[in-house]
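Subject: Structure handover

Hello,

Here is the structure for your files. Please open it next to this message. My notes come after it.

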Amino acid sequence: MSGHSHSHSHGAATATGAHRRRLVIVLGITLGVMVLEVVGALVSGSLALLADAGHMLTDATGIGIALFASWLATRPASATRTFGWQRAEILAAMTNALILGVVAVLAIVEGVSRVRAPDPHVEAGLMIGVAVVGLVANVVGLRLLSAGQGESLNVRGAYLEVLGDLLGSIAVIVAGVFVALGFAWADGLASVAIGIMILPRALMLLREVAAVLLESTPAGVDLEKVRTHMEGIPGVVGVHDLHAWTITSGVPVMSAHVVVEAERLEQGEGTAVLRRLKECLGGHFDVDHCTFQIEPPEMQETESSVHL
């Protein structure tokens, strides 16, 4: 005998979708500051300001991709895409991470070149003024995204990018002060610093994306604890083929083969066991989409291999 327990809504809003309005506001702020920094960099001659503008461009691109992906994720499931387009958010986060990495490398390479051959004509006053505006805008962006950065990889990616922009603005301000004091090489050094700040964040985001794409067990889910809870349900004598993975941010999935006492199955209590299993996982582990195969003890003898 086998049975399944499902509780899901494939068309429901994902974690990113819940914060879409804030992402749109941050996108507008980011684009505005980016344009200001590009103009400021061209007028002042500051490479650090241009590097920060490049980072702003990747931020805007990443947030735009995240918004588009969150819209795709709300499209209903179909026979060919049983989970709909929810995984599109993860692909967007991956694209974002790769773009961040490229910008980081370019900022470092160009910054090293500027340190070796400083430009003595950088206008420190304008450089500092534009960076201060960027700093204020980034603080606003961080406040808007702080609530959602723990729920969605895309929102977290946007949050980390804005945080990097804030640190970049600080670096530009500090470099501007040094340039004003006659240390022209500080402009290139700030560009290198911005690149170094961006690179680890890109790698961290890429690692989180890889964990989802490789269907790793979601962070914070201890499968042995899950198994112990499931085996503690009356009638359950064993759990095997226990798997947990993530479709997209905020959508964990779990499946398992559950061995139930033959007497209970013969008495028609399989449905009651399924209900308790669903309540157990939903209450203790916040996993709503679960698929269980209920089987009697003798069923294991027919399986070629039993997995953990």
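Below is what I found, from the overall fold down to single residues.

This is a predicted model, in which local features need pLDDT of at least 70 and side-chain atom pairs count only at pLDDT 80 or more, while totals for chains, interfaces and linings use all residues. Residues are numbered from 1 along each chain as its sequence is written, and side-chain values use heavy atoms, with hydrogens and water left out.

Confidence

pLDDT is the predictor's confidence in each residue, from 0 to 100. The protein chain averages 81. At least 70 is reached by 85% of the residues. Among the elements, H4 has the highest mean pLDDT, 91. H2 has the lowest, 79. Residues 1-13 fall below 50. That stretch still has 35 contacts in the model beyond near neighbours in sequence (contact means heavy atoms within 4.5 Å). Where pLDDT is low, the predicted coordinates should not be read in detail.

Overall fold

The protein chain has nine helices and three strands. Both are DSSP runs numbered from the N terminus: helices are H or I with at least four residues, strands are E with at least two. From the N terminus on, the order is α-α-α-α-α-α-α-β-β-α-α-β. Of the 308 residues, 47% are buried. Buried means under 20% relative accessible area, exposed over 50%, and partly exposed in between, with a 1.4 Å probe and protein chains only. Take the contacts in the chain with a separation of 6 or more: 77% of them join residues 24 or more positions apart.

H1 against H4

Helix H1 (residues 20-44) packs on helix H4 (residues 124-145) at an angle of about 170°. Their axes are 10 Å apart. Axes are lines fitted to C-alpha atoms, for helices over the stretch in contact, and angles run from 0 to 180 degrees between N-to-C directions. The two helices are therefore roughly antiparallel. The cut-offs are under 35 degrees for roughly parallel, over 145 for roughly antiparallel, 65 to 115 for roughly perpendicular, and oblique for the rest. On H1 the contact includes Ile25, Ile29, Val33, Leu36 and Glu37. On H4 it includes Met127, Val130, Val133, Ala137 and Arg143. By class, the contact has 15 nonpolar, four polar and three charged residues. Here Ala, Val, Leu, Ile, Met, Phe, Trp, Tyr, Cys and Pro count as nonpolar, Asp, Glu, Lys and Arg as charged, and the others, Gly among them, as polar.

Two nonpolar cores

A nonpolar core is a set of buried Ala, Val, Leu, Ile, Met, Phe, Trp, Tyr and Cys residues joined through side-chain atoms within 4.5 Å. The largest has 23 residues. Met127, Val172, Ile194 and Ile198 touch the most other members. Helices H2 (47-73), H3 (88-116), H4, H5 (153-180) and H6 (185-213) each supply at least two residues of this core.

Ile198 lies in H6. It counts as buried, at 1% relative accessibility. Leaving aside neighbours within four places in sequence, Ile198 is in contact with His55, Leu100, Val103 and Ala104. Ile198 and Val105 are 93 residues apart in sequence, and 9.0 Å apart C-alpha to C-alpha.

Met254 sits in strand E2 (residues 251-260). It is also buried, at 1%. Its contacts beyond four places in sequence include Val226, Leu242, Trp245, Leu281 and Val287.

Residues to look at

Asp52 is in helix H2. It is buried, at 0% relative accessibility. Beyond four places in sequence, Asp52 is in contact with Glu37, Asp165, Gly168, Ser169, Val172 and Ile194.

Most residues other than glycine have a negative phi. Glu215 has a positive phi of about 55°. It is in the loop between H6 and helix H7 (223-231). Glu215 is partly exposed, at 45%. Asp241 has a positive phi of about 50°. It lies in strand E1 (residues 236-248). Asp241 is buried, with a relative accessible area of 11%.
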